[in-house]
Amino acid sequence: MEILIMAGQMLLGLSILVGLHEFGHFATAKYFKIRVDKFYIFFDFLFPLPGVANFALFKKKVGETEYGLGWFPLGGYVAIHGMIDETQDADSLAAEPAPNEFRAKPAWQRLIVMLGGIIMNVITGIVIFSALTFKYGESYLPASEVRFGVVPNKLGEQIGFRTGDKIVKINGRPFTEFNDVYSADVVLGNHSYYTVDRNGQLIDIPVPSDFMDRLSDQDQAAFVVPLDPFVVDEVVAGGPASKAGLQTGDRITQVGKQKIQFFPELQQALKANASKPTPLIVERSGQPVTLTVNVDEEGKVGFRPKSLLNYATRNYSLAEAVPAGAKQAFGVVGTQVKAFGKIFRGEASARKSLGGPMAIAQQYGGKWDWIRFWTLTGMLSMVLAFMNLLPIPALDGGHVLFLLYEMVAGRKPSDKFLENAQKVGMVLILSLMVFVIFNDLFKSLF
């Protein structure tokens with residue numbers, strides 16, 4: 001049942017996003033009086049081979065456009081008349097263009113049509129995050145709740161923090177929200193310092209003048225995190241924890257021979273046992289239960305923790321929720337840019353960082369949670385916008401690149417060049433699809 005729920009959430013989320021993305025192209029094309037032959041959610045052929053396995057689960061022609069639901073559930077498309085894409089090549093466009101064809105329109109109109117899908121996904125992401133912020137507010141951790149102190153990473157240790165330190169003041173003043181610890185006014189300020197209670201003694205920890213550079217080098221804003229007691233919230237279906245028998249509500253008390261009270265302690269213990277079968281002792285309904293889990297090479301076992309610290313909620317008016325939602329939405333894009341940068345610089349593994357349909361389904365989880373569903377769908381909308389803007393032929397970004405060239409150079413590339421570029425782009429996309437699908441299978445099996 002969990003697998004069906006995960007698959008159902010993923011298909012619903014992707015259907016919404018693909019439909020809205022393609023509607024962006026459709027609506028702008030219609031606005032400029034460009035004929036649209038087809039509007040399909042999912043493909044009615046074996047993508048990317050338009051002549052193979054052509055059938056639709058549903059289709060209906062209204063006016064000049066055929067609307068349908070395809071059988072291949074990894075995307076969707078609009079067939080815009082007179083445009084070279086996965087459904088039309090240069091030979092099919094050999095005749096002089098009719099006034100209602102894509103290629104007959106000015107470059108600026110064609111550019112807007114190609115950006116229509118990306119713009120729609122950005123709007124969707126902003127609307128989802130704004131609506132979530134307006135309805136549910138923003139969760140934050142009051143400083144008074146961090147009663148067990150903090151645990152630093154290497155950078156935190158370098159500037160003077162120690163595990164168990166309780167931050168009581170920032171720049172000599174009490175503070176109310178734990179996130180104030182990461183405030184730009186502090187990490188970028190002159191002569192900033194933290195005051196901590198260490199075993200009853202107050203100690204000042206100065207912030208180095210080059211602290212921001214050192215944070216950027218490590219790409220870790222959270223140089224200290226709260227020591228928080230926790231229980232297991234949700235176990236990822238098919239992951240090591242699930243196979244070991246870990247259940248929602250379990251409290252992990254021991255990893256190997258190490259006693260566990262806080263989540264950062266668990267993370268450190270699992271990393272120390274990476275790629276090893278490791279005994280866990282959990283408290284379940286007041287009784288100890290011993291499990292053996294195969295920790296993966298990253299020191300993870302596949303579950304989401306639930307902190308037992310008491311978080312508070314900040315409510316927003318509608319006028320306040322929109323900019324807050326937009327900030328969250330574009331934060332997703334910023335994360336994607338950083339992630340791709342790390343992959344291209346060789347600082348992160350593509351195999352570990354990229355995921356396909358199975359990874360997306362696992363993120364949705366095995367129980368239907370509408371808040372998580374819309375949060376992940378909003379994130380995927382922004383990811384889809386970012387991916388489609390990449391300057392790869394066959395993606396919207398590739399078309400945008402060629403149109404910008406045409407607008408600057410005053411002449412457009414030949415239809416044959418565009419067709420060949422489309423083929424190269426399709427090979428790249430197909431290769432990426434094969435990689436992420438088999439990567440998902442490999443990670444689930446091993």
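A: Contact here means heavy atoms within 4.5 Å. This is a predicted model, in which local features need pLDDT of at least 70 and side-chain atom pairs count only at pLDDT 80 or more, while totals for chains, interfaces and linings use all residues. Residues are numbered from 1 along each chain as its sequence is written, and side-chain values use heavy atoms, with hydrogens and water left out.

Q: With which residues is Phe-161 in contact, leaving aside its neighbours within four places in sequence?
A: Phe-161 touches Val-150, Pro-152, Gly-156, Ile-167, Tyr-194, Val-196, Arg-198, Ile-205, Phe-223 and Val-224, once its neighbours within four places in sequence are left aside.

Q: How should I read a nonpolar core, and which residues have the most contacts inside the largest one?
A: A nonpolar core is a set of buried Ala, Val, Leu, Ile, Met, Phe, Trp, Tyr and Cys residues joined through side-chain atoms within 4.5 Å; buried means under 20% relative accessible area, exposed over 50%, and partly exposed in between (1.4 Å probe, protein chains only). The largest such core has 23 residues, and those with the most contacts inside it are Phe-161, Ile-167, Val-181, Tyr-194 and Phe-223. Two or more residues each come from helix 3 (154–159), strand 7 (166–170), helix 4 (184–187), strand 8 (193–198) and helix 5 (211–218), where helices (H or I, at least four residues) and strands (E, at least two) are DSSP runs numbered from the N terminus. Apart from this core lies another, of 20 residues, among them Val-235, Leu-270, Val-295 and Phe-303.

Q: What is the idea behind a salt bridge, and how many does a search of the whole structure find?
A: Side chains of opposite charge can pair when their charged atoms come close. The criterion is a side-chain nitrogen of Lys or Arg within 4 Å of a carboxyl oxygen of Asp or Glu, and the search finds 13 salt bridges. One of them joins Asp-165 and Arg-198 (2.8 Å, N to O); this pair links distant parts of the chain, with Asp-165 in the loop between helix 3 and strand 7 and Arg-198 in strand 8, 33 residues apart.

Q: Is Asp-165 buried or exposed, and why does Arg-198 count as partly exposed?
A: Asp-165 is buried, with a relative accessible area of 1%, whereas Arg-198 counts as partly exposed because its relative accessibility is 22%.

Q: Where do the residues of the pair Glu-234 and Arg-372 lie?
A: The side chains of Glu-234 and Arg-372 meet in a salt bridge (2.2 Å, N to O), with Glu-234 in strand 11 (residues 230–235) and Arg-372 in helix 11 (residues 370–389), 138 residues apart. Glu-234 counts as buried at 5% relative accessibility, and Arg-372 is buried with a relative accessible area of 17%. Both Glu-234 and Arg-372 are among the contacts of Arg-304, a residue of strand 16 (residues 303–307).
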